[in-house]
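These are my notebook entries on a two-chain structure. I set down what I looked up and what I found, entry by entry.

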Amino acid sequence: MAAGSEPNDARGRQQLAGKVALITGAASGQGAAAAQLFSQHGAAIVVVDVNDDGARETVDRVARDGGRATAVHGDVSIRRECDAMVAAAIETYGRLDVLYNNAAIQMSGRLVDTTEEMWDITIATNLSAIFWACRAAIPVMLAGEGGTIVNTSSTLGQQGSEGYAAYGAAKAGLIALTRQIAVEYGPRVRANVIAPGSIDTPRFRKVTDSRDDAERFLAMLERTIPMHRLGVADDVARVALFLASDASAYTSGAVIPCDGGLAAFR
Amino acid sequence: MRVVVVTGGASGLGEAIANRFASDGDRVVVADVDELRARQVADNLTAAGLNAESETVDVTSEGEVAAMFDSIAERHGRLDALVCSAAIETRSSVVDCTDEDWQQVLDVNLKGPFLCCKHGLPAIANTGGGAVVLLGSVLGAIASPGYAAYCASKGALANLAKQAAIEHAAEHVRVNVVSPSATDTGLFARVAARSDDPGRMLQMVSANTPMQRLGTGGEVAATVAFLCSSGAAFISGAIIPVDGAMAARRTV
């Protein structure tokens with residue numbers, strides 16, 4: 001991203017033409033929606049997931065739209081797999097411009113009920129993974145034309161809620177990590193956070209369906225969210241596109257909520 | 001065609017924002033207390049084949065603000081977006097700030113957006129929904145010596161936006177804040193131009209910003225445009241910095 005470049009994204013124009021974007025957790029939900037949207041905006045996509053079938057489906061969908069994508073198996077909680085996915089991006093497309101850390105796991109438990117195993121896997125997948133991915137990607141971006149990093153936190157990264165001890169800690173840590181990247185690599189690499197609220201994706205449904213009071217819980221959510229609806233995967237993907245592209249050329253180290261007004265509401 | 005009002009649209013960031021909406025294909029109402037400049041900005045856009053008109057308004061006067069939204073409703077029967085960019089700054093510390101300066105800054109920077117929201121939000125809701133963007137500042141979240149009234153006005157503005165956001169979300173009106181730091185087109189550019197050594201002042205601010213440069217009016221306008229687009233459909237009550245990571249960094 002050249003210093004002083006003017007945003008140039010008037011309606012209809014491709015915002016990521018000629019770019020290469022790596023998206024983790026892109027087999028379904030928000031990651032899959034972003035893969036499709038980024039591709040429509042001209043980017044080649046590296047689809048990373050532990051779910052190989054889902055990753056292939058995302059790649060096929062992009063290809064059917066006339067875009068370019070490749071699937072890479074990757075468990076982001078393991079450092080060498082983060083190194084390998086960045087290496088695969090370079091090997092396949094010769095560059096990396098956008099790193100969208102979207103993969104995450106969510107298990108709930110109040111602090112005393114959070115086992116060591118739950119804590120370790122949550123911190124590894126939702127925080128350390130982003131460190132490893134950035135650790136691998138930033139040198140590549142600095143050697144190229146610079147780049148943009150989009151990290152996925154949550155409303156729970158800035159506000160508490162019953163039963164999210166490990167998840168909230170990881171999502172808050174991610175925000176500080178992103179600020180560090182913004183401050184340390186400012187002129188060449190921009191890094192920002194999306195803080196989604198309740199987004200209706202397969203992972204969200206898995207969590208809510210496990211509750212005894214699933215229906216009541218969903219109704220309560222829709223009542224509480226100021227916009228009176230859950231988000232959809234595309235709501236988040238479009239914010240990710242804004243942050244990944246030159247449309248946000250002078251925004252870095254920021255946390256952008258995508259939550260229907262939830263974080264603003266008592 | 002969307003109808004968009006930009007207050008403070010006759011100069012600086014407001015003008016950059018008005019230009020952006022017009023070139024994106026919207027009809028822009030360039031609203032400003034400076035009648036001549038507002039008309040000039042609108043005329044320039046019209047001459048370029050774009051859709052614009054001007055309104056003279058003192059945003060601190062409830063009568064004038066209400067009359068402006070009435071006349072827009074009469075002419076166009078709709079309002080899709082409102083951008084409150086009119087603002088002033090005075091330079092004084094908490095102890096030195098005169099009662100007059102305090103009142104003037106709070107009137108233009110806080111009461112103005114309040115009155116525009118009060119009379120503009122129902123018009124947007126009547127259109128079936130839309131967006132409001134208030135121009136905040138990095139000084140709404142962090143402080144700088146000698147900006148007492150300005151910092152207070154921009155900090156309060158951020159929470160006014162949240163309040164308006166939660167009250168009108170169900171009517172499909174989204175309300176957000178864009179918080180720029182120094183840009184080459186905003187109030188800072190005017191202050192720098194008046195200083196003894198403008199070049200040094202610009203260089204100092206650039207060096208203090210992680211992105212090592214000033215922002216541009218176009219960059220602020222692009223963020224405002226995003227917040228008024230369907231891309232931001234699930235964003236409301238948010239503060240979006242356009243500050244080159246300035247707010248993310250501790251000074252030392």
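**Entry 1. Chain B as a whole**

How many helices and strands are there in chain B? I counted 8 helices and 7 strands in chain B of this model, which is a predicted one. I then looked up the radius of gyration of chain B, which is 17 Å; the globule rule gives 18 Å for 252 residues, so chain B is as compact as a globular protein of that length. Along the principal axes, the C-alpha atoms of chain B fill a box of roughly 50 × 40 × 35 Å. I noted that 57% of the 252 residues of chain B count as buried. I also looked at contacts in chain B between residues at least 6 apart in sequence, and 72% of these join residues at least 24 apart.

**Entry 2. The sheet of chain B**

I traced an open sheet of 7 strands in chain B, with the order 3-2-1-4-5-6-7 and parallel pairing. Which strands of chain B stand at the edges? They are strand 3 (51-56) and strand 7 (239-242); each has a single partner strand, so one side of each is left without a neighbour in the sheet. On average, neighbouring strands of this sheet are turned by 20° against each other, direction ignored.

For one pairing in detail, I took strand 1 (residues 3-7) and strand 4 (residues 81-84) of chain B, which run parallel and are joined by 4 bridges. Within this pairing, I found Val6(B) opposite Val83(B) of strand 4.

Helix 3 (residues 62-76) of chain B lies across strand 1, strand 2 and strand 3 of chain B, and runs at about 160° to strand 1.

**Entry 3. The sheet of chain A**

I looked at the pairing of strand 6 (residues 189-196) of chain A with strand 7 of chain A: they run parallel, joined by 4 bridges. Ile194(A) stands opposite Ile256(A) of strand 7.

In soluble globular proteins, nonpolar side chains tend to be buried together. I looked up the largest nonpolar core here, and it has 175 residues; Leu22(A) and Val47(A) have the most contacts inside it. Its largest share, 11 residues, comes from helix 5 (residues 148-168) of chain B. Leaving aside neighbours within four places in sequence, I found Val47(A) in contact with residues including Ile23(A), Ala35(A), Val59(A), Ala71(A) and Val72(A).

**Entry 4. Where the chains touch**

How many residues does each chain bring to the contact? I noted 38 residues from chain A and 34 residues from chain B. On the side of chain A that touches chain B, helix 5 (165-184), helix 8 (233-244) and strand 7 of chain A each supply at least two residues. The largest share of that side, 5 residues, comes from helix 8 of chain A. I divided the residues of this side of chain A into 21 nonpolar, 10 polar and 7 charged.

**Entry 5. Two positive phi values**

I checked His228(A), which is not a glycine and yet has a positive phi of about 55°. His228(A) lies in the loop between helix 7 (214-224) and helix 8 of chain A. Is His228(A) buried or partly exposed? His228(A) counts as partly exposed, because it has 14 C-beta neighbours inside 10 Å.

Ala245(B), also a residue other than glycine, has a positive phi near 75°. I located Ala245(B) in the segment after strand 7 of chain B. Ala245(B) is buried, with 29 other C-beta atoms within 10 Å.

Notes. Residues are numbered from 1 along each chain as its sequence is written. Chains are lettered from A and ligands numbered from 1 in the order in which they are written. This is a predicted model: local features need pLDDT of at least 70, side-chain atom pairs count only at pLDDT 80 or more; totals for chains, interfaces and linings use all residues. The radius of gyration is taken over C-alpha atoms; the globule rule is 2.2 Å times the number of residues to the power 0.38. A residue is buried if 20 or more other C-beta atoms lie within 10 Å of its own, exposed if 12 or fewer, and partly exposed in between; C-beta atoms are placed from the backbone. Two residues are in contact if their C-beta atoms, placed from the backbone, lie within 7 Å. Two strands pair if DSSP finds at least two bridges between them. A nonpolar core is a set of buried Ala, Val, Leu, Ile, Met, Phe, Trp, Tyr and Cys residues joined through C-beta atoms within 7 Å. Ala, Val, Leu, Ile, Met, Phe, Trp, Tyr, Cys and Pro count as nonpolar, Asp, Glu, Lys and Arg as charged, and the others, Gly among them, as polar. Axes are lines fitted to C-alpha atoms, for helices over the stretch in contact, and angles run from 0 to 180 degrees between N-to-C directions.
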